[in-house]
Amino acid sequence: MASAEQIRHLKLVINAMDVTQPRESWQAPGLQDGVPKGAIIELQGPSRFEWFITFLKENPSLNCFWAEKSQSVLPTALHQRGIDLNRITFAVFKEKEFPSLRKVIQSQIFPVVISTHHFNEIKMLQSFQLLTEKSNSSFFMAAEKPVTQNWPVALQLDISGKLNHFNIEILKQRYRKTNE
Amino acid sequence: MSNSEYKNLNVACLWLQKPGPTEKLAELCLRFSPQIAVRKNEAVFVEIGKMRLLYSPEEFVKIFQQLLNPWLKRIEVNARLGLGRDLTDSLARAHFGTANIDSLSLDALYDFADPFNNDPVIRPYLQKMITAFKDLGVHKISQFKNIPANQLVSRFGAVAMLSRQRLEHSVPLTWPYWKPAEIIKEKTDFPYFEFYGELEPVLFELKKQLDQIFQRLWIRERRAQKMRVRIFFETNSRQVRPFREFQFEFLLPQAYTKGALAIIKERLSKDFTDHPVTTPLQGIETVVIETTAGVSGQKNFFHRHEEVAEAKYALLAQLQEIHGDGSVYHAELVEDHRPEKSWKKCSSIKNLPPQLHFPLRPTHLFTPEPVVIKNSFFAYQGQQFKIIRKSSIERINGAWFEDPSDLNDSYDRDYFSLELEDGRTLFIFRNRKGHYFLQGAFA
């Protein structure tokens, strides 16, 4: 019991400390520290895709790989929001999404990868974390259900609001923008 | 045909009565003469003037027909053989099936002026000339030949003179160079039956073959667009087919082993898993079926765009092998107000996007599902949500031939978006019958 108390106290202390590490990042709407490179970012909330599209618009040099379980994203909407469709490669992975996404991240061809698949196994998340670090790309997980074992996730955001007026709640942040 | 007549026959022309594989036909004719010319998909010319000492005229025709008739029958193409003094003469005889050139209509001049059908500049002039002659009552070659040459030139210029000279065989025609297409192929035989259906040894051998192939392609400044891999097995009662064949058509022409091998590996591993190999391997053969022009010289020191593009398309091709055709794609916009038809899949975007003149579309689109909207409430799948805001209506009207009750293709819809109390914004349409459907979400 005493150790449980100690652990609870330590968590409170840690949360109060600034334990974020500096990391290179891309600019992102509504985020002072941006989106870290080489990390997993989890997006939740009813406006997560609108925010992500705005993020792509603010970084026009980034190519993106957009993977879904079934085709639902509307490319016309992306174009209307200022995204050049030449930058986006769409994919529908009904199964074997984990090895396929691993290949995509490992290839180092796409600096941004977004997936609407739900990954909850810790080994998968660890694997993604290592691969994104090595390739210096950012992997966005935007599933309906949030992950429960989230320690490999570097940034967790809950996004609501409308286009250009987002309400962003940072649920977890491991990295801050580097000063260099 | 007498020997004296035969002495004047220097070219044989085989005319196909419907488009056919003239390159393959030309290769078969190489046994008669090394001097071959091809009119793409239509005719093959063989120089026979120098082989008179080997074959008499009857022997030549007999052997020619014996060799080619079974092959033509197999590909279901009829052909006609014509022997003439030169290319144009033999072509006219084979094309029109007559030895009497003078009796042919003026349309035969196309074969004399442009025997290989590859001169787009001369064709319109020929057409004008032939039309003018027909209006003047000149319909036959014999009548054309009777017109004095100086009158031809003054009225119809160089085209008429060329046609006349070719008819009279007074101007030699340069024989175009033809050689059979080079086949780049690598084959490895396993005489001692070392491998019993494992994939890794196959990939190991394939890599060696691909290294050789890409080296040869690099020297020739070519890239592989299509390849074929055959894996040969020992046959028995369970393994009836002697080989398995895999055809690969690459999204982007490949210049390196790494990309091509990754794509081939995906297909083979899927095939070996679905249909395990139970008999020893006897050999592997890799053939390049189609190539495209490649870049020669050293790599660019300042960037790696080409290599990155090739690696990207190799990755996409691999993913397509795993998930099926059409699973990985780019999107190209189409000018259509219906949201589901406003874009299409493509492998690469070629056209500029059209100007879009409709309101903002939702980020996600679904198959339309019926919903109920009543008294500021939105009901869907047994749940009710309060509507906070409703946007203005966008009305799209359909084509007269479309059935408004056909949900998939109907064009008559009133679109609007609904903002719900839980923060979601949905994309709804109402059809002409007044029913509401949920089609998308601004997520």
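Just after helix H6 of chain B, B:Gly137 takes a positive phi of about 90°. Helices (H or I, at least four residues) and strands (E, at least two) are DSSP runs, numbered from the N terminus. This is a predicted model, in which local features need pLDDT of at least 70 and side-chain atom pairs count only at pLDDT 80 or more, while totals for chains, interfaces and linings use all residues. Residues are numbered from 1 along each chain as its sequence is written, and chains are lettered from A and ligands numbered from 1 in the order in which they are written.

**Helix H6 of chain B**

- H6(B) covers residues 122–135; its 14 residues should span 20 Å at 1.5 Å a residue, and its end C-alpha atoms are 20 Å apart, which agrees. The expected span is 1.5 Å times one less than the number of residues.
- The buried residues of H6(B) are B:Leu126, B:Met129, B:Ile130 and B:Phe133. They lie on the same side of H6(B), because they cover an arc of only 95° around the axis. The arc is that of the directions from the helix axis to the C-beta atoms.
- A residue is buried if 20 or more other C-beta atoms lie within 10 Å of its own, exposed if 12 or fewer, and partly exposed in between, with C-beta atoms placed from the backbone.
- An α-helix has 3.6 residues a turn, so residues three or four places apart point the same way.
- The face turned away from the buried side of H6(B) carries the exposed residues B:Pro124, B:Lys128, B:Thr131 and B:Asp135.
- Helices H5 (109–113), H7 (141–146) and H8 (149–167) of chain B are among the elements that cover the buried residues of H6(B).

**Four-stranded sheet of chain B**

- An open sheet of four strands has the order S5-S8-S6-S7 in chain B, with antiparallel pairing. Strands S5 (184–189) and S7 (243–254) of chain B stand at the edges with a single partner strand each, so one side of each is left without a neighbour in the sheet.
- Neighbouring strands of this sheet are turned by 15° against each other on average, direction ignored.
- S5(B) pairs with strand S8 (residues 281–293) of chain B in the antiparallel sense over six bridges; two strands pair if DSSP finds at least two bridges between them. The bridge partner of B:Lys187 in S8(B) is B:Glu285.
- Helix H9 (residues 199–219) of chain B lies across S5, S6 (222–233) and S8 of chain B, running at about 30° to S8(B). Axes are lines fitted to C-alpha atoms, for helices over the stretch in contact, and angles run from 0 to 180 degrees between N-to-C directions.

**Two hairpins of chain B**

- Three bridges join S11(B) to strand S12 (residues 377–380) of chain B, and the two run antiparallel. B:Ile373 stands opposite B:Phe378 in S12(B).
- The hairpin of S11(B) and S12(B) has two residues between the strands, and B:Asn375 in the turn has a positive phi of about 50°.
- S12(B) also pairs with strand S13 (residues 383–390) of chain B, in the antiparallel sense over four bridges. B:Ala379 stands opposite B:Gln384 in S13(B).
- S12(B) and S13(B) form a hairpin with two residues between them, where B:Gln381 in the turn has a positive phi of about 50°.

**Contact between chains A and B**

- 33 residues of chain B are in contact with 28 residues of chain A; contact is counted where C-beta atoms, placed from the backbone, lie within 7 Å.
- On the side of chain B that touches chain A, the elements giving two or more residues are H11 (305–323), S9 (328–333), S11 (364–374) and S17 (436–442) of chain B. H11(B) gives the most, with nine residues.
- By class, this side of chain B has 21 nonpolar, nine polar and three charged residues. Ala, Val, Leu, Ile, Met, Phe, Trp, Tyr, Cys and Pro count as nonpolar, Asp, Glu, Lys and Arg as charged, and the others, Gly among them, as polar.
- Strand S6 (residues 88–92) of chain A pairs with S9(B) in the antiparallel sense over two bridges. A:Phe90 has B:Tyr329 as its bridge partner in S9(B).

**Chain A and loop residues**

- Chain A has five helices and eleven strands, and 42% of its 180 residues count as buried.
- A:Asn136 is found in the loop between H5 (122–135) and S8 (138–141) of chain A. Its phi is near 60°, a positive value in a residue other than glycine. A:Asn136 is exposed, with 12 other C-beta atoms within 10 Å.
- B:Asn117 lies in the loop between H5 and H6 of chain B, with phi near 50°. B:Asn117 is partly exposed, with 14 other C-beta atoms within 10 Å.

Key
Two residues are in contact if their C-beta atoms, placed from the backbone, lie within 7 Å.
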